[in-house]
Amino acid sequence: MNRTIKFRCWNKKEKKMYFDITDLAYTNSSNGFELMQFTGLLDKNGKEIYEGDIMALKTKGIFRITVRWNERTAKFIAEGKDFEHQMNYTAQQYEVIGNIYENP
């Protein structure tokens, strides 16, 4: 899979999301930042899906799932109540509706 490697960053102090990260050396959780990696996938509306996004998946009766990195499988997964799904080409069934910082 050939995908673009990029990140967005949540600034805890400003409570603001940044998509243009020019110096990753200063963006870590110890100084008030949380990095989230782009999965390389787009939702059904063409919106980029990042780690920490909250998505709706209505085809399975699940309305809220969260994107997380799974170290065990080294893949992005979508997690919800009694639901875990590996993120892949089926991402186009999802719709990004927010993220864990701006929509807790």
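Q: How much of the protein is buried in this model?
A: Buried residues make up 38% of the 104 residues. Keep in mind that the model is predicted.

Q: What counts as buried here?
A: A residue is buried if its relative accessible area is under 20%.

Q: New topic. How many helices and strands are there?
A: The protein has zero helices and nine strands. Along the sequence, the pattern reads β-β-β-β-β-β-β-β-β.

Q: Which order do the strands take in the open sheet of four?
A: The order is β2-β1-β3-β4. The pairing is antiparallel.

Q: Which strands stand at the edges?
A: Those are β2, residues 16-18, and β4, residues 48-50.

Q: Why is one side of each left without a neighbour in the sheet?
A: Because β2 and β4 each have a single partner strand.

Q: How are neighbouring strands turned in this sheet?
A: On average they are turned by 35 degrees against each other, ignoring direction.

Q: Let's zoom in on β3 and β4. How many bridges are in that pairing?
A: Two bridges, in the antiparallel sense. Strand β3 covers residues 33-42.

Q: Which residue in β4 is the bridge partner of L42?
A: That is E48.

Q: Last one, on contacts. Of those with a separation of 6 or more, what share comes from residues 24 or more positions apart?
A: Such residues account for 46% of those contacts.

Definitions and conventions: Residues numbered from 1 in each chain as written. Predicted model: local features only at pLDDT ≥ 70, side-chain atom pairs only at ≥ 80, totals over all residues. Heavy atoms only, no water. Buried < 20%, exposed > 50% of the residue type's maximum accessible area, 1.4 Å probe, protein only. Contact = heavy atoms within 4.5 Å. Pairing = 2+ DSSP bridges. Axes fitted to C-alpha atoms, helices over the stretch in contact; angles between N-to-C directions.
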